[in-house]
Amino acid sequence: MGVIMPAILDLLYREYCRARLAEMRKQLLIAAQRSETREAAHHPAKQDDDERTDAGRKTGQGMPN
């Protein structure tokens, strides 16, 4: 019985570590998905937006500094 107890503890410890790693990976995936969602929600200016802004400056209709 002296060999069985350490083997059981080793098995339980390995299972615990496996479960913790799986949970950490899950949290990282959730964080990455949230980050991607925020980036998708942020629409960077398009080139034609820049051209309109430049045209507004040339005609004096741009936003004041």
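In the predicted model, the protein contains two helices and zero strands. Of its 65 residues, 2% are buried, and the protein exposes about 6500 Å², of which 60% is supplied by carbon and sulfur atoms. Helix 1 spans residues 4-41, and isoleucine 4 lies within this helix. Isoleucine 4 also belongs to a nonpolar surface patch of about 500 Å², which is made by Ile4 together with Met5, Ile8, Leu9 and Leu12.

Charged side chains were examined next. Side chains of opposite charge can pair when their charged atoms come close, and the count of salt bridges in the model comes to two. In one of them, the side chains of aspartate 10 and arginine 14 meet with a nitrogen-to-oxygen distance of 3.0 Å. These residues are four apart in helix 1, so that about one helical turn separates aspartate 10 from arginine 14. Arginine 14 is exposed, with a relative accessible area of 57%, whereas aspartate 10, with a relative accessible area of 35%, is partly exposed.

A salt bridge is also formed between glutamate 15 and arginine 18, whose closest N and O atoms are 2.5 Å apart. Glutamate 15 and arginine 18 are three residues apart in helix 1 and are therefore separated by about one helical turn. Glutamate 15 counts as partly exposed at 41% relative accessibility, and arginine 18 is likewise partly exposed, its relative accessible area being 47%.

Technical notes
Residues are numbered from 1 along each chain as its sequence is written. This is a predicted model: local features need pLDDT of at least 70, side-chain atom pairs count only at pLDDT 80 or more; totals for chains, interfaces and linings use all residues. Side-chain values use heavy atoms; hydrogens and water are left out. Buried means under 20% relative accessible area, exposed over 50%, partly exposed in between (1.4 Å probe, protein chains only). Accessible areas come from the Shrake-Rupley method with a 1.4 Å probe; for residues, only the protein chains shown count as cover. Patches are made of residues with over 30% relative accessible area and no salt bridge: like charges are joined within 9 Å, nonpolar side chains (Val, Leu, Ile, Met, Phe, Trp, Tyr) within 5 Å. A salt bridge is a side-chain nitrogen of Lys or Arg within 4 Å of a carboxyl oxygen of Asp or Glu.
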